[in-house]
Number of protein chains: 2
Amino acid sequence: MALLNENYLKLKAGYLFPEIGRRTANFAVSHPEAAIIKMGIGDVVRGIPRPVADAMKDACEELAHDESFHGYPPAQGYDFLLDAIAEHEFGSRGVTVAADEIFLSDGAKCDSANLQEIFAIDQIVALTDPVYPVYCDSNVMAGRTGDADSSGRYAGLVYLPCTADNGFSPPLPEGHVDLIYLCSPNNPTGAVMSKQDLARWVDYARREKAVIIFDAAYEAYINDAEIPHSIYEIDGAREVAIEMRSYSKTAGFTGVRCAFTVVPKELLGGTRGDGDVSLHSLWNRRQSTKYNGVSYPVQRGAAACYTPEGSAAVRDLVEFYMGNAALMKTELTAAGYTVFGGDNAPYLWIVCPPGIDSWGFFDVLLQKANVVSTPGAGFGSAGEGYVRLSAFQQRDRVEEALERIRQL
Amino acid sequence: MALLNENYLKLKAGYLFPEIGRRTANFAVSHPEAAIIKMGIGDVVRGIPRPVADAMKDACEELAHDESFHGYPPAQGYDFLLDAIAEHEFGSRGVTVAADEIFLSDGAKCDSANLQEIFAIDQIVALTDPVYPVYCDSNVMAGRTGDADSSGRYAGLVYLPCTADNGFSPPLPEGHVDLIYLCSPNNPTGAVMSKQDLARWVDYARREKAVIIFDAAYEAYINDAEIPHSIYEIDGAREVAIEMRSYSKTAGFTGVRCAFTVVPKELLGGTRGDGDVSLHSLWNRRQSTKYNGVSYPVQRGAAACYTPEGSAAVRDLVEFYMGNAALMKTELTAAGYTVFGGDNAPYLWIVCPPGIDSWGFFDVLLQKANVVSTPGAGFGSAGEGYVRLSAFQQRDRVEEALERIRQL
């Protein structure tokens, strides 16, 4: 029998969101009358901006004619989009990122799962706890961990607990680590890292010659002008950090699929004897060998986000969801809940009522309020005692959900 | 310094097609007057079918409205497409594949690179020689090989030479292997495996408890009614084979991005102690953790290939390119070349003139005829002495290329 990758067998049952989906589906089957409101998975609900849809439709029409057909896309992406990203996502904030340091992909989830491949298998990985499960699971599947203990923590990983006590700001590891996943604005806690927080991490990474994988998928949700949108706003970060971004939550691309990752050319990886090698060249090799580029109409749609009309529409979408977040924070706090996040992020991180754990509170919210949340424990053992609510919902559904939760 | 995955450093310089791109670009810069005809990389040139473009445009419009918006796609794909695939790609040929055994992706290249992840790192991999480089390179990057020798063969891989002497039909390995990559119609040789050839391989895999990864990306190009389109046309194949398909070369999706992989539920992988596990469940776990589904408009476009108008248009595209292939085979043979392939595949596998190796003939074709080919040696040491020409070009360009080659 061909032997399988037994690292997969270390994974706890079911990826978090499919598990939530199964519980919700089971409840829906047994309670067909329930009008379930989904605020669990961070999926958007509003239409993509008109200029984006029009650009995609025009691109589909282009593809239908031999004269304007586009075949295999360039491995990193079309210049029209890479140039727009370099200018509008970075240059406009005074951050230097060259177009050829940007790698388009079909999702930040894919990039955050795949980036670990270019590092040695024995590298020590640090994760915040709670954490977006993909950072963890992809390292488990690669064989960088031992088994999970009863709390769900895998042997060999370094966990950085983010709790109310430390303001959900990840503490530096006590010893050396090689690879660090940071996410700000944070999924799931909704916390943001200040310039000082990030500078502390860049200093650590420079001192320890570690690499930071910085997930900025939610940067558009930052309201506070003092909070950095890119880790490259920190001096020296180009030598230690990879940054991921996504169109999923900005332009409503969860069903369209487009994201990008920045690998600065200064960033090096070590070898056991052959000297240092550019991680940019390694990631380029990974992507050109194992990936075939982003759909042409999708790239045209993403580029339309940078037109005046497109960027205004994206801003409207973000503001709409942040209006939800503000309403949720106000109402839930008024109802007696302790609520974190929601100010610079589309997620609220809510303390469970006394005596109920997070899967328990998930079940209460589902069964009594017919509201789907995400149990904090699904993001790690330090997420126990919390649930995450997403602001990605229509306003009337948010208001209805809040009313039902108030009546619990 | 965080250490990198040194397996990457074993890779020979540059993935084949970027290398060809670089040589071609250099020639174009130094010879701006040359009208270069690209017949190297297997990229299509004709527009996507009208019904496909219209379906994609309608889907983009759907996404622009809250009422018809689609967020994260289901991990395996939408039922509307999975059901259509099960019926039209398999059921119509008397092959049983259930919709939930099909996993959509954004490319057969990605799937063929990623499938090795679900197998143990010490499994013995057999590859044909010549071979599509992704099967090889993805296993090198994963660490399943030693270094390459001077002929480019990696220690630890089992190579199955496909030459004119054996009709380019891969011979069974002399000993045991665990994982076998087969491709029919073959890229690059254009050879096809008969029912008897495939049955011999299915028997081998059943006897040796090996798994076959069968790449059927070019099945639509089969003219001969006796040649199987799916490995599942062979009895017993569901217990030993994974099959990959693509819309790239059928519906012109190289720039649209959609493919699928079939993992039958009977297919098992072994463990060192915990019994056998369904590879379907492992691949599902891999895809739901590390991938986020295919763009909604793309799925709608793929589904439109199965309408009467869509399937007629796809047939027309395939017949057009096969018209090129027939013309190329006739003319090149008349010009004195020995030519294989091209009857049931869009690729021609051409013997280099005496005394010229395959990169040498590549350079002659580029510099003297301004035609881009693919050097056979880029596909493996048994590809030395051949170049591949692709039939994916406009008819007038094919005619012009043939005229120039005749005049060499």
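This is a predicted model: local features need pLDDT of at least 70, side-chain atom pairs count only at pLDDT 80 or more; totals for chains, interfaces and linings use all residues.
## Confidence

The average pLDDT of chain A is 96, and 99% of the residues score at least 70. For the model as a whole, ipTM is 0.97 and pTM is 0.97.

## Interface between the chains

Contacts between the chains involve 76 residues of chain A and 76 residues of chain B. On the side of chain A that touches chain B, the elements giving two or more residues are α2 (50–63), α4 (108–114), α5 (133–142), β9 (268–269), α7 (279–290) and α8 (296–304) of chain A. Of these, α2(A) gives the most, with 7 residues.

By class, the side of chain A that touches chain B comprises 39 nonpolar, 18 polar and 19 charged residues.

## Domains of chain A

Chain A is divided into two parts: domain 1 takes in 6–47 + 309–406, and domain 2 takes in 53–307. Between the C-alpha centres of domain 1 of chain A and domain 2 of chain A the distance is 24 Å.

Where the domains of chain A meet, 37 residues of domain 1 are in contact with 45 residues of domain 2. On the domain 1 side of this contact in chain A, at least two residues each come from α9 (308–334), β11 (339–341) and β12 (347–351). The largest share of that side is supplied by α9(A), with 7 residues. The side of domain 1 of chain A that touches domain 2 of chain A has 17 nonpolar, 13 polar and 7 charged residues.

## The four-stranded sheet in chain A

In chain A, 4 strands form an open sheet in the order β11-β12-β15-β14, with antiparallel pairing. Each of β11 and β14 (374–375) of chain A stands at an edge and has a single partner strand, so one side of each is left without a neighbour in the sheet.

The pairing of β14(A) with β15 (residues 386–390) of chain A is antiparallel and runs over 2 bridges. Here A:Thr374 has A:Arg388, in β15(A), as its bridge partner. Helix α9(A) lies across β11, β12 and β15 of chain A, and runs at about 15 degrees to β12(A).

## The four-stranded sheet in chain B

Chain B has an open sheet of 4 strands in the order β11-β12-β15-β14, and the pairing is antiparallel. Its edge strands are β11 (339–341) and β14 (374–375) of chain B, each of which pairs on one side only.

Strand β11(B) runs antiparallel to β12 (residues 347–351) of chain B and is joined to it by 3 bridges. In this pair of strands, B:Gly341 stands opposite B:Leu348 of β12(B). Helix α9 (residues 308–334) of chain B lies across β11, β12 and β15 (386–390) of chain B, running at about 15 degrees to β12(B).

Methods:
Residues are numbered from 1 along each chain as its sequence is written. Chains are lettered from A and ligands numbered from 1 in the order in which they are written. pLDDT is the predictor's confidence in each residue, from 0 to 100. Two residues are in contact if their C-beta atoms, placed from the backbone, lie within 7 Å. Ala, Val, Leu, Ile, Met, Phe, Trp, Tyr, Cys and Pro count as nonpolar, Asp, Glu, Lys and Arg as charged, and the others, Gly among them, as polar. Domain bounds come from an automatic or database domain assignment. Two strands pair if DSSP finds at least two bridges between them. Axes are lines fitted to C-alpha atoms, for helices over the stretch in contact, and angles run from 0 to 180 degrees between N-to-C directions.
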